[in-house]
Amino acid sequence: MSSFEAAQRRQALIAMAITPWLLAPTAGKATSTPFPRTLEAGETPLRLNGFGTRYRFTFKVYDLALYTPRKVGSVAELLALPGPKRLEFIARRELSGTELGRLFLKGMAENASADQMNRHTPATGRLIQVFSGKPKLMPGDDFSMVFEPGKGTTFFIEGKAQGAPVGNDEFFTMILRIWFGDAPVDRLLRDALLDRSRAATDPTLATD
């Protein structure tokens, strides 16, 4: 094989490797869910901080929106921000509730210490129980996690609270770290939730 032919072959292999990434959708693009600009945690109004789509390969798994008391644009700001917070999900494909719960637990374990996981065994067990109680989530089904300081985290499926609040501030921070920890489940989705790209073009999202 000549050096010219070898160079052509290398270029073809590179193109084949890059093309799927160019064609695959990214979490930073607008979701198909029209998330409201404001929601509540208890009686506290929260504003939409950012939103995006979780992809597994090229398939949409869920749309996710983050609601906070005020706008934040970095992981450090979010994790240090006091007050209630809310994560709002919309399923984009059929999901097994049990598998979804296990994936959340896996994301928590990858971003927390063993001591933290042990301290919050009852709360993490409740998370698994909530989603295992819903055999299937269908496209368009919604679920959410609402944190209120001093009360804990309440899980909702289709707008219905799944029991009393569980855990404390540290437990909800462990939940947040699924998307905002050192090993986030999806870095593009993390950036979309922090609204780093849209803030530059949408003044209503970029300012407090």
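I'll start with the rings: there are 10 aromatic pairs in this structure, and keep in mind that the model is predicted.

Take Phe89 and Phe143. Their ring centres sit 4.5 Å apart and the planes are at 10 degrees, so this pair counts as stacked. Phe89 belongs to strand S4, residues 85-91, and Phe143 to strand S7, residues 142-148, so the pair ties together parts that are 54 residues apart in sequence. Are these two buried or exposed? Phe89 is buried, at a relative accessible area of 0%, and Phe143 is buried as well, with 0% relative accessibility.

Another stacked pair is Phe147 with Phe172, at 5.0 Å centre to centre and 10 degrees between the planes. Here strand S7 supplies Phe147 and helix H6 supplies Phe172, so parts 25 residues apart in sequence are tied together. Both Phe147 and Phe172 are buried.

Some of the rings go beyond pairs. Tyr62, Phe89, Phe104, Phe131, Phe143 and Trp179 are linked by ring pairs into a cluster.

As a general point, nonpolar side chains in soluble globular proteins tend to be buried together. In this chain the largest nonpolar core has 39 residues, and the members touching the most other members are Leu87, Phe89, Phe104, Ile175, Trp179 and Phe180. Which helix gives the most to this core? That is H6, residues 169-180, with eight residues. There is also a second, separate core of nine residues, with Leu46, Leu48, Ala65 and Val146 among them.

Phe104 deserves a slide of its own. Leaving out residues up to four places away in sequence, Phe104 touches Tyr62, Phe89, Leu127, Phe131, Phe143, Met145, Ile178 and Trp179.

That brings us to helix H3, residues 97-109. H3 has 13 residues and spans 18 Å from first C-alpha to last, close to the 18 Å expected at 1.5 Å a residue. Which residues of H3 are buried? They are Gly97, Leu100, Gly101, Phe104, Gly107 and Met108. These cover an arc of only 120 degrees around the axis, which puts them on the same side of H3. The background is that an α-helix has 3.6 residues a turn, so residues three or four places apart point the same way.

Last, the chain as a whole. There are eight helices and nine strands. Of the 208 residues, 42% are buried. Among contacts with a separation of 6 or more, 61% are between residues 24 or more positions apart. The chain exposes about 11,000 Å², with 57% of that supplied by carbon and sulfur atoms.

Conventions
Residues are numbered from 1 along each chain as its sequence is written. This is a predicted model: local features need pLDDT of at least 70, side-chain atom pairs count only at pLDDT 80 or more; totals for chains, interfaces and linings use all residues. Side-chain values use heavy atoms; hydrogens and water are left out. A nonpolar core is a set of buried Ala, Val, Leu, Ile, Met, Phe, Trp, Tyr and Cys residues joined through side-chain atoms within 4.5 Å. Buried means under 20% relative accessible area, exposed over 50%, partly exposed in between (1.4 Å probe, protein chains only). Helices (H or I, at least four residues) and strands (E, at least two) are DSSP runs, numbered from the N terminus. Contact means heavy atoms within 4.5 Å. Accessible areas come from the Shrake-Rupley method with a 1.4 Å probe; for residues, only the protein chains shown count as cover. The expected span of a helix is 1.5 Å times one less than its number of residues. The arc is that of the directions from the helix axis to the C-beta atoms. Rings of Phe, Tyr and Trp (its six-membered ring) pair if their centres lie within 6.5 Å; planes under 30 degrees apart count as stacked, over 60 as edge-to-face and the rest as tilted.
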